[in-house]
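Here are my notes on the model, as numbered points. Please read them with the structure open beside you.

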Amino acid sequence: MKRVIGIMSGKGGVGKTTISVNLALAMHRLGEDVMVVDADLRNPSLGLHLGVFDYDLTLHDVLEKDMPLIEALYIHPTGLKFVPSHVSLHYLNIEPSKMLKAFSDVYATTIIDSPPGLGDDALAVMQTCDEAIVVTTPHLPDVAGALRTIEVAKAMGVRIMGIILNSVKGKGYEVTAAELEAVSGVRVLQTIPWDSEIPKSISLKTPVIEHNQVASSSIAFYEMASKITGLNYDKPNLIGLRRFMKTLSKIV
Ligand SMILES: Nc1ncnc2c1ncn2[C@@H]1O[C@H](COP(=O)(O)OP(=O)(O)OP(=O)(O)O)[C@@H](O)[C@H]1O
Ligand SMILES: [Mg+2]
C-alpha cells in the first residue's frame, strides 16, 4: 500500500490541477513510481493539461461500475501514469462516496487532483487520502478558504503535509509564507512564483516542466517533488544563461 496524497483547496482556480500534473511528472522524473488521478468528477481538467481528451474508461467508470482503478490507467508520452475523468456532462451525477474503495489497493504513490471547496466530492477525496497538501494563492479570500480546508482535514484525521503558496509575485499586499504559517500552524512546503510559462504551457497542452525545464515554476516543482520523495534533485546549472538562450532562440 503506497501513499495517497490529495491536492486540496478551499477556493477554486488556485492551481491544484497545474500542481498535480507537474508535481507528479517531476516525481516520476526523479525516479518515483507515481500516478496522478483526476478526482474533480464534476469539472475535470487533468486531460486538458496533458493534451488527451477522449478515453474509453475513466475514474467515473471505476466508481460507477466498481472496476479496479488500474483499468482506467493511461501512460502519457512523457511516461507519466494518469487516471482521467470524463469531461462529458453525462457523468455529472456520479456518486463520489465509492472513492475510498477505489483507492484502497493502489500500488504506486498517488497524487489526487481534488475539486475545490468542502462539497461531498472534495470530502470524498479527503476521506481517501493519507496526506493532504493544501494550495492557496497569497490573496486573502484564497487563504481563508485554505484555513477552512485545513480545519476540516484535521477534524477528519488527515495528516496535512503542508501548504503550497502558489502564484506569488512578491508584492507588498500579498500574504507571506511566514504569515500563513503563523495563522494556520502548518508549514509552507513550497512557494511557487507566478510564472507566465504556466499559462503558455497549458495552451500548448504540455506540463510546464516539459515545456521549459529552467522556468522558475519548473524548478519549484522539482524542489517540491524532491522534498516529498526524498529523492535527489540537482538544480540545472547556468540557469540564467539557459533562460537567456531560450529567449534568444525565440527571437531568432
Ligand atoms: N504559478 C502560476 N503562475 C501563473 N499562472 C498560474 C500559476 N498556477 C496556476 N496558474 C494559472 O491559474 C489557472 C488555474 O489553474 P488550475 O486550473 O491549475 O487551478 P485549479 O485550482 O485546479 O482550478 P479548479 O479549482 O477550477 O479546478 C490556470 O489558468 C493556470 O494557468
Ligand atoms: Mg483543477
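In what order do the eight strands of the open sheet lie?

1. The model is a predicted one. Its open sheet of eight strands has the order β3-β4-β2-β5-β1-β6-β7-β8, and the pairing is mixed. The edge strands are β3 (74-75) and β8 (188-193), each of which pairs on one side only. In general, strands of a sheet pair through backbone hydrogen bonds, in either a parallel or an antiparallel way.

2. Take strand β1 (residues 4-8) next. Five of the five residues of β1 are buried, so β1 is largely enclosed by the rest of the structure. From β1, Val-4, Gly-6 and Met-8 point one way, while Ile-5 and Ile-7 point the other way, and all are buried.

3. Strands β1 and β5 run parallel and are joined by four bridges. Within this pairing, Ile-7 has Asp-113 of β5 as its bridge partner, and Gly-6 has Ile-112 of β5. Strands β1 and β6 also run parallel, again with four bridges between them. Here Gly-6 stands opposite Ala-132 in β6. Gly-6 therefore has a partner in β5, namely Ile-112, because the cut-off for two strands to pair is at least two bridges found by DSSP.

4. Strand β5 (residues 109-113) is the next to look at. Four of the five residues of β5 are buried, so this strand is largely enclosed by the rest of the structure. Besides its four bridges to β1, β5 pairs with strand β2 (residues 34-38) in the parallel sense, over five bridges. In that pairing, the bridge partner of Val-34 is Thr-109 of β5.

5. At the β8 end of the strand order, β7 and β8 run parallel and are joined by four bridges. Ile-163 stands opposite Val-188 in β8. Helix α5 (residues 120-128) packs on the sheet and touches β1, β5 and β6 (131-136). The direction of α5 makes about 150° with that of β1.

6. Is Ala-122 buried or exposed? This residue lies in helix α5. Ala-122 counts as buried because it has 22 C-beta neighbours inside 10 Å, and the cut-off for buried is 20 or more. Leaving aside neighbours within four places in sequence, Ala-122 is in contact with Met-8, Ser-114, Pro-115, Pro-116 and Gly-117. Ala-122 and Gly-15 are 107 residues apart along the chain, and their C-alpha atoms are separated by 15 Å.

7. Two further residues give a contrast. Ala-177, in helix α7 (residues 177-184), is partly exposed because 17 other C-beta atoms lie within 10 Å. Not counting residues up to four places away in sequence, Ala-177 touches Leu-165, Val-188 and Thr-191. Asp-234 is found in the loop between α10 and α11 (239-251). With 7 C-beta neighbours inside 10 Å, Asp-234 counts as exposed. From Asp-234 to Gly-10 the separation is 224 residues in sequence and 33 Å in space, C-alpha to C-alpha.

8. How do helices α1 and α10 cross? The axes of α1 (residues 16-30) and α10 (residues 216-229) come within 8 Å and cross at roughly 65°. The crossing is right-handed. On the α1 side the contact is made by Asn-22, Leu-23, Ala-26, Met-27 and Leu-30. On the α10 side it is made by Phe-221, Tyr-222, Met-224, Ala-225, Ser-226, Ile-228 and Thr-229. The residues of this contact divide into nine nonpolar, three polar and no charged.

9. The last point concerns ligand 1. Which of the 20 residues around ligand 1 come nearest? They are Gly-12, Gly-15, Lys-16, Thr-17 and Thr-18. Helix α1, strand β7 (159-168) and helix α8 (197-203) each supply at least two residues of the shell. The shell divides into seven nonpolar, ten polar and three charged residues.

Note on methods: Residues are numbered from 1 along each chain as its sequence is written. Chains are lettered from A and ligands numbered from 1 in the order in which they are written. This is a predicted model: local features need pLDDT of at least 70, side-chain atom pairs count only at pLDDT 80 or more; totals for chains, interfaces and linings use all residues. Axes are lines fitted to C-alpha atoms, for helices over the stretch in contact, and angles run from 0 to 180 degrees between N-to-C directions. A crossing is left-handed if the near helix is turned anticlockwise from the far one by less than a right angle, and right-handed if clockwise. Two residues are in contact if their C-beta atoms, placed from the backbone, lie within 7 Å. Ala, Val, Leu, Ile, Met, Phe, Trp, Tyr, Cys and Pro count as nonpolar, Asp, Glu, Lys and Arg as charged, and the others, Gly among them, as polar. A residue is buried if 20 or more other C-beta atoms lie within 10 Å of its own, exposed if 12 or fewer, and partly exposed in between; C-beta atoms are placed from the backbone. A residue is near a molecule or strand if its C-beta atom, placed from the backbone, lies within 6 Å of it.
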